There are 4 protein chains.
Amino acid sequence: MTIESRKAQSTLQKKLFKIIFMADTTAGRIFDIFLLLFILASVVIVMMESVQSLQGKYANIFNVFEWTFTGLFTIEYLLRIWCSPQPRKYIFSFYGVIDLLCIIPTYIEFLVGGGHFLISIRILRLLRIFRIFKLVPFLHESRFLIVALQRSRRKIAVFFFFIMLMTVVLGSIMYVIESGHNSGFTSIPVSIYWAVVTLTTVGYGDIAPVTPLGQAFSAVIMIMGYAIIAVPTGIVTVEMNNIRTSTDVSARECPACQRKIADVDAIFCKYCGSHL
Amino acid sequence: MTIESRKAQSTLQKKLFKIIFMADTTAGRIFDIFLLLFILASVVIVMMESVQSLQGKYANIFNVFEWTFTGLFTIEYLLRIWCSPQPRKYIFSFYGVIDLLCIIPTYIEFLVGGGHFLISIRILRLLRIFRIFKLVPFLHESRFLIVALQRSRRKIAVFFFFIMLMTVVLGSIMYVIESGHNSGFTSIPVSIYWAVVTLTTVGYGDIAPVTPLGQAFSAVIMIMGYAIIAVPTGIVTVEMNNIRTSTDVSARECPACQRKIADVDAIFCKYCGSHL
Amino acid sequence: MTIESRKAQSTLQKKLFKIIFMADTTAGRIFDIFLLLFILASVVIVMMESVQSLQGKYANIFNVFEWTFTGLFTIEYLLRIWCSPQPRKYIFSFYGVIDLLCIIPTYIEFLVGGGHFLISIRILRLLRIFRIFKLVPFLHESRFLIVALQRSRRKIAVFFFFIMLMTVVLGSIMYVIESGHNSGFTSIPVSIYWAVVTLTTVGYGDIAPVTPLGQAFSAVIMIMGYAIIAVPTGIVTVEMNNIRTSTDVSARECPACQRKIADVDAIFCKYCGSHL
Amino acid sequence: MTIESRKAQSTLQKKLFKIIFMADTTAGRIFDIFLLLFILASVVIVMMESVQSLQGKYANIFNVFEWTFTGLFTIEYLLRIWCSPQPRKYIFSFYGVIDLLCIIPTYIEFLVGGGHFLISIRILRLLRIFRIFKLVPFLHESRFLIVALQRSRRKIAVFFFFIMLMTVVLGSIMYVIESGHNSGFTSIPVSIYWAVVTLTTVGYGDIAPVTPLGQAFSAVIMIMGYAIIAVPTGIVTVEMNNIRTSTDVSARECPACQRKIADVDAIFCKYCGSHL
């Protein structure tokens with residue numbers, strides 16, 4: 001292989017890298033949009049395949065589509081490996097693994113077969129959308145939400161911990177009350193499942209109390225759940241409020257030190273003490 | 001046609017325009033109130049028609065009512081066209097189309113027939129209520145709510161996008177877990193429907209997990225949904241709070257120090273003490 | 001009747017009035033507490049009467065209790081009329097009517113009979129509890145909540161108006177989609193009922209979509225309902241926040257004019273302008 | 001018993017006390033972690049025992065585990081009594097009672113037997129987790145939540161009181177409307193149970209209105225419940241917000257003007273400009 005060809009290749013790699021991994025060039029943007037469309041289309045196909053009636057009629061068409069998408073994604077995957085500066089790093093990165101998981105099932109199924117478990121893995125192709133998120137014009141909003149959730153992360157965790165303890169205890173109590181009179185509460189785990197269904201106000205009704213005591217007790221659980229929902233809401237609201245105020249529009253610059261002052265009513269710069 | 005008559009007509013048009021399209025005259029207000037009553041009445045009739053038992057007994061009466069309302073709305077529609085300065089503009093305006101959609105079905109049904117699809121279109125008459133909204137004394141409040149929702153528009157959109165991705169992924173996972181053991185999870189789309197029903201804490205129970213793993217997994221989904229509801233609530237609350245504080249009508253500037261005073265009852269600037 | 005006796009009577013009336021209508025005397029408080037107990041007891045009896053099994057066994061006991069309570073409440077009612085300065089005003093006051101409604105049913109039933117409709121009216125005795133509310137140590141909190149709800153009254157009303165329009169329109173659309181394929185959506189009113197059940201995330205499941213289109217559409221409704229719940233929450237939260245800040249603990253008195261200043265950062269009294 | 005041995009013992013007691021009751025030593029922390037694991041394991045066993053299929057196969061294994069845990073907890077209990085400075089105080093303390101309740105059932109069942117009521121009591125072992133909470137790194141967050149709930153305690157209580165009155169009245173009304181046409185609304189208590197299920201938007205669907213009037217009325221209840229949920233949410237959110245702003249750790253007083261400065265990064269008082 002001559003030096004020229006090698007140089008040519010490396011430049012080609014660089015070009016491809018820009019197109020495939022970034023979105024700041026027109027080519028890159030177009031590539032991402034097509035990728036997005038292919039991902040969505042392939043996901044839709046996976047869904048339709050799972051519908052018996054459709055699968056019966058259009059099995060072949062689905063197959064064709066499936067193989068086309070798999071082919072395209074395989075090429076894309078190989079190109080990504082080829083043009084990325086550190087192929088190994090890419091392969092073992094989160095998206096590298098996802099990319100692989102999105103193409104392997106089709107091959108395995110072809111060779112070994114393996115029912116709808118494999119088919120469904122391909123739904124994970126949906127996760128690839130996030131990679132194209134750099135396109136999205138809502139980046140600011142999504143960051144806002146993510147930051148808000150990150151900040152309330154620990155409080156929410158504590159909340160979940162309490163909820164879990166509660167559901168275990170409440171479920172067990174209901175098991176004691178209902179089991180024997182009710183075909184639904186067959187075991188403590190099932191009763192805990194019921195407690196979650198009730199406390200979160202989902203209320204399938206697949207399992208419901210029948211004894212007066214059980215109904216009274218679950219009424220209490222419901223009202224508790226009805227009030228408890230206030231906790232995560234409060235946490236997130238407060239955090240969002242803090243973000244909002246910390247990045248306030250009314251922030252002005254100190255004439256002396258140019259630092260941003262968020263307080264509407266500050267008379268003196270809180271950093272350098274000069275009069276605003 | 002003499003000039004006089006033409007003038008007379010044009011003046012009549014102007015008068016009618018004022019009455020039909022505006023609400024600042026007594027006549028206009030009365031017209032709107034009657035229109036409101038007719039709309040509500042016609043909607044009630046459409047509803048009652050859909051009830052088999054009533055339809056059986058009172059079909060004729062309903063017919064009479066239906067034709068009366070259609071007649072009145074037709075006349076109104078023609079008058080609107082006639083008296084509006086730019087008839088074409090009106091006809092193709094949102095309300096123009098709605099007004100047409102509200103009378104056409106009855107005629108089509110009479111000529112062609114077409115079952116309850118046509119009948120139900122007439123429910124859209126309800127949308128005409130919004131035109132009369134200029135009457136409503138709650139205009140300020142509704143504007144407040146609309147502004148709040150508009151401001152949180154983009155964040156809510158992102159939230160919905162995430163919810164959709166989640167439901168697709170969660171639904172597919174549940175499909176893998178439950179299908180085969182559960183007659184409910186027949187396909188991925190149905191499982192996604194279930195995921196929405198569960199995540200939003202609606203919980204019909206028409207489809208419910210039966211496998212221990214499925215129940216455990218859906219318990220997790222429920223608690224997630226229970227916490228996720230905090231996000232839109234937080235968004236809207238924060239926005240409302242901002243409107244409340246930012247667009248405080250009573251906010252004025254201190255003549256001496258130019259600082260904004262939000263307090264309705266302030267007589268002196270709370271910062272520099274000068275009289276407002 | 002001598003003047004003495006008349007005077008004696010009037011003084012007795014005054015005493016009784018103080019005891020029965022007010023709670024600032026020990027006697028008054030004791031009276032109220034007993035009244036509270038009797039009300040609760042009589043309500044419990046009414047509930048137990050409605051339970052077939054109990055009614056079968058203890059019909060007589062219930063009867064005795066019922067008549068005792070009716071007797072006591074009748075005496076109380078007559079005393080209230082007798083000792084109130086303007087009997088007529090009391091009789092036609094809200095509580096006067098309630099008091100009458102709480103005793104009449106038993107008599108009517110005895111004379112005419114009239115099944116559980118009459119029996120259940122007696123549950124209204126519960127409303128009498130509010131009269132004794134002046135006792136409750138939570139008066140401040142309840143006032144807080146009531147004020148918050150009153151302030152958000154108009155906004156909530158608008159919100160309800162929109163919800164109603166939405167449910168009517170959404171319900172009708174679902175009727176068009178589902179009726180024919182689904183035994184549940186028999187008429188538009190029923191579909192509207194379903195729309196409310198779904199939008200409020202109650203989700204009984206007594207009526208549930210079966211067509212793919214119907215399920216897709218109701219998924220959208222659910223997510224809407226899931227986000228819409230943010231609106232009343234936001235409204236109430238903001239109002240509560242305003243009350244909280246306006247009646248702030250950090251409020252100090254202006255040394256000059258003694259008016260309460262809620263602003264933490266006020267430098268000059270906003271009423272009289274004197275330095276704080 | 002010689003003085004030496006007595007001394008030795010007392011020192012041993014002190015050591016043990018440090019290890020068992022506190023978590024500030026490495027030994028203490030290790031002890032707590034093991035205790036945590038044993039508690040969780042024993043709870044899992046209790047749950048699995050309640051599952052018929054598992055109980056059938058692994059009854060013996062469960063028995064062995066159960067007795068091991070009971071043994072260990074018994075030893076722990078005795079040690080706690082022995083090494084605590086005031087044994088009596090410990091025995092009758094909350095945790096002392098819990099500790100006893102966690103071991104007794106196994107013995108009673110062995111001697112007397114008593115079905116899954118006794119078995120389930122052992123779930124209370126879960127409550128022992130809270131004792132080990134001093135370990136948890138989320139202590140700050142949980143305190144935040146607890147304080148928020150404590151502060152809104154009274155308001156929430158009033159809210160619950162109103163909810164209870166509402167459910168009783170609404171349930172009774174529904175009983176009058178539905179009973180006779182609906183096999184679900186058998187009695188007022190059951191109707192109240194239904195009212196709670198509906199108002200809290202749980203909506204099992206085990207009992208659902210069938211009469212048009214009943215459905216209309218419950219639609220109203222649902223929308224009410226949908227709006228009422230705003231109340232606890234508002235309460236908690238506001239309280240959290242107050243904690244957030246009031247107990248800002250970094251709040252200090254300006255030496256010159258004594259005003260509270262909440263900003264962590266303030267170098268100069270924003271009111272009087274003097275150095276902090």
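Predicted model: local features only at pLDDT ≥ 70, side-chain atom pairs only at ≥ 80, totals over all residues.
How many salt bridges does the rule find across the interface of chain A and chain B? The rule finds zero salt bridges there.

- Contact between the chains involves 48 residues of chain A and 49 residues of chain B.
- The area buried between chain A and chain B is about 4,300 Å², and carbon and sulfur atoms give 76% of that area.
- Five residue pairs, both members at pLDDT 80 or more, are found in polar contact across the interface of chain A and chain B.

**The side of chain A that touches chain B**
- At least two residues each are supplied to this side by several helices of chain A, including H2 (26-50), H6 (115-121), H7 (139-151) and H8 (153-178).
- Helix H9 (188-199), helix H10 (212-228) and helix H11 (230-246) of chain A also each supply at least two residues to this side.
- H11(A) gives the most, with seven residues.
- By residue class, the side of chain A that touches chain B comprises 32 nonpolar, twelve polar and four charged residues.

**Relation between the copies**
- Chain A is superposed on chain B by a rotation of 90° with 0.0 Å of shift along its axis, at an RMSD of 0.1 Å.
- This relation is that of a four-fold axis.
- Of the interface residues of chain A, only 19% are also interface residues in chain B, so the copies meet through different surfaces.

How values were computed
Residues numbered from 1 in each chain as written. Chains lettered and ligands numbered in written order. Heavy atoms only, no water. Contact = heavy atoms within 4.5 Å. Buried area = accessible area lost by both parts, 1.4 Å probe. Salt bridge = Lys/Arg side-chain N within 4 Å of Asp/Glu carboxyl O. Polar contact = N/O pair within 3.5 Å; in protein donor to acceptor, adjacent residues only side chain to side chain. Helix = DSSP H or I, 4+ residues; strand = E, 2+ residues; numbered from the N terminus. Nonpolar A, V, L, I, M, F, W, Y, C, P; charged D, E, K, R; others polar. Least-squares fit on C-alpha atoms with pLDDT ≥ 70 in both.
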